[in-house]
Amino acid sequence: DGGMAILSTVHYRSNYANAFWNGSQVVYGDGYGFALADDVVAHELTHGVTDYESNLFYYYQSGAINESLSDVFGEFVDLTNGAGNDSAGVRWQIGEDVSGLGAIRSMSNPPAYGDPDKMTSSFYNTGTCTYAGDPNPPFCDNGGVHTNSGVNNKATYLMTDGGAFNGKTVTALGIPKVAALYYEAQTNLLTSGADYADLYNALYQACQNLVGGSAGITPADCQQVRDAT
C-alpha cells in the first residue's frame with residue numbers, strides 16, 4: 001500500500017526465453033511465454049518486494065533464500081487467485097503455465113528437477129562450476145541460487161500441506177498462516193546476508209511474533225514450523 005507503480009515490459013528482445021526483475025520493473029521475453037504464468041509473474045514481482053525489504057544478497061545461501069521467497073509467494077498467488085491450472089497434478093510446480101516449456105521446478109519434490117530438498121542432498125550446489133563454459137566462474141548460478149532454493153521450497157510445502165520428511169512429521173498449517181510467517185520474516189527479521197541457519201531462526205521467531213494475531217497462528221503451530229525447517 002505504498003503507492004508504487006508496478007511496471008512491466010513485454011516482448012523484450014526477440015524470442016528472449018526468460019523473465020526477470022531489473023531493480024525497478026519486471027521484464028518478459030516472448031520465448032515460451034513466461035508472462036502467461038501467474039506464479040512466474042508473482043515470482044518476479046516478489047524480487048521487487050525483497051529488494052525493498054530484506055534486500056537479500058543475490059549469491060550463495062542468501063541468494064537461494066531470495067529465489068525461494070519468490071517461488072513461495074509466486075506459488076501462493078498461483079494457488080489462490082483462481083487463474084491458471086491449479087489441478088492437484090501441478091500443485092507446487094513453478095511455471096506449469098509457461099507455454100511451450102512447462103514447469104521448471106517443484107516445491108514439493110525439488111529433486112524431480114535436479115534441485116536439493118535439504119542441505120545434505122547430493123543435488124545441493126556448493127558453488128563449484130559443474131559445466132564447461134560457465135559465464136561467471138566460480139559462481140555457477142551465483143552459488144546455486146536457483147537450485148539451492150529447493151531447500152526452503154521443500155520446507156514451505158511441508159509447513160503448508162504437511163507431510164513426513166527427513167525424520168520429521170509436519171501438520172499442515174495452510175497457505176494463510178504460512179504466507180503470514182514468510183511475510184513477517186521478509187519484512188521484519190531477515191537481513192541482507194541471511195543464510196539458511198538465519199532463516200531457520202527467523203521463521204520460528206516470526207511464528208512467535210504472530211501468535212494470537214489476525215492470521216490465527218497458535219503456539220502449537222510454531223512447533224510445526226520448527227519441525228519443517
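## Pockets

In this predicted model, the lining of the largest pocket consists of 12 nonpolar, six polar and two charged residues. The pocket has a volume of about 580 Å³. Its lining has 20 residues, and those nearest the centre are Met 4, Ile 6, Leu 45, Gly 48 and Val 49. Helix 1 (38–52), helix 2 (60–80) and helix 5 (175–189) are the elements that give two or more residues to this lining. Helix 1 gives the most, with six residues.

The second largest pocket has a volume of about 500 Å³. It is lined by 20 residues, and Asn 18, Ala 19, Glu 44, Glu 67 and His 146 are the closest to its centre. At least two residues of this lining come from each of strand 2 (19–21), helix 1 and helix 2. Helix 1 gives the most to the lining of the second largest pocket, with five residues. By class, this lining has 11 nonpolar, five polar and four charged residues.

## Aromatic rings

A pair of aromatic rings is described by the distance of the centres and the angle of the planes. The structure contains 10 aromatic pairs. One of them joins Tyr 32 and Phe 34: the ring centres are 6.4 Å apart and the planes stand at 80 degrees, so the pair is edge-to-face. Planes over 60 degrees apart count as edge-to-face. Tyr 32 is partly exposed, with a relative accessible area of 40%, whereas Phe 34 is buried, at 6% relative accessibility.

Another pair is formed by Trp 92 and Tyr 157, with ring centres 5.8 Å apart and planes at 80 degrees, so this pair is edge-to-face. Trp 92 lies in the loop between helix 2 and strand 4 (93–94) and Tyr 157 in helix 4 (residues 150–161), so the pair ties together parts 65 residues apart in sequence. Trp 92 has a relative accessible area of 2% and is therefore buried. Trp 92 and Tyr 157 also belong to one aromatic cluster, together with Phe 73, Phe 76 and Tyr 183.

## Charges over rings

Two contacts of another kind involve a charged side chain and a ring. Lys 154 lies over the face of Phe 165, at 4.6 Å from the ring centre. Arg 226 lies over the face of Tyr 204, and here the distance to the ring centre is 4.0 Å.

## Salt bridges

Side chains of opposite charge can pair when their charged atoms come close. The whole structure has three salt bridges. In one of them, Asp 71 pairs with Arg 105, and the closest N and O atoms are 2.8 Å apart. Asp 71 is in helix 2 and Arg 105 in strand 5 (residues 105–106), so the bridge links distant parts of the chain, 34 residues apart. Asp 71 is buried, with a relative accessible area of 0%, and Arg 105 also counts as buried, at 9%.

A salt bridge also joins Asp 161 and Arg 91, with 2.9 Å between the closest N and O atoms. This pair links helix 4, which holds Asp 161, to the loop between helix 2 and strand 4, which holds Arg 91; the two residues are 70 apart. Asp 161 is partly exposed at 29% relative accessible area, and Arg 91 is partly exposed at 31%. Lys 177 and Asp 221 meet in a salt bridge as well, at 2.9 Å from N to O. Lys 177 lies in helix 5 and Asp 221 in helix 7 (residues 219–228), so the pair ties together parts 44 residues apart in sequence. Both Lys 177 and Asp 221 are buried.

How values were computed: Residues are numbered from 1 along each chain as its sequence is written. Side-chain values use heavy atoms; hydrogens and water are left out. On a 1 Å grid over the protein atoms alone, a cavity is a set of points where a 1.4 Å probe fits but cannot get out, and a pocket is an open set with protein on both sides within 12 Å along at least five of seven lines; lining residues have an atom within 4 Å of a point. Grid points are joined across faces, edges and corners, and a volume is the space filled by probe spheres set on the points. Helices (H or I, at least four residues) and strands (E, at least two) are DSSP runs, numbered from the N terminus. Ala, Val, Leu, Ile, Met, Phe, Trp, Tyr, Cys and Pro count as nonpolar, Asp, Glu, Lys and Arg as charged, and the others, Gly among them, as polar. Rings of Phe, Tyr and Trp (its six-membered ring) pair if their centres lie within 6.5 Å; planes under 30 degrees apart count as stacked, over 60 as edge-to-face and the rest as tilted. Buried means under 20% relative accessible area, exposed over 50%, partly exposed in between (1.4 Å probe, protein chains only). A charge sits over a ring if NZ of Lys or CZ of Arg is within 6 Å of the ring centre and within 35 degrees of the ring normal. A salt bridge is a side-chain nitrogen of Lys or Arg within 4 Å of a carboxyl oxygen of Asp or Glu.
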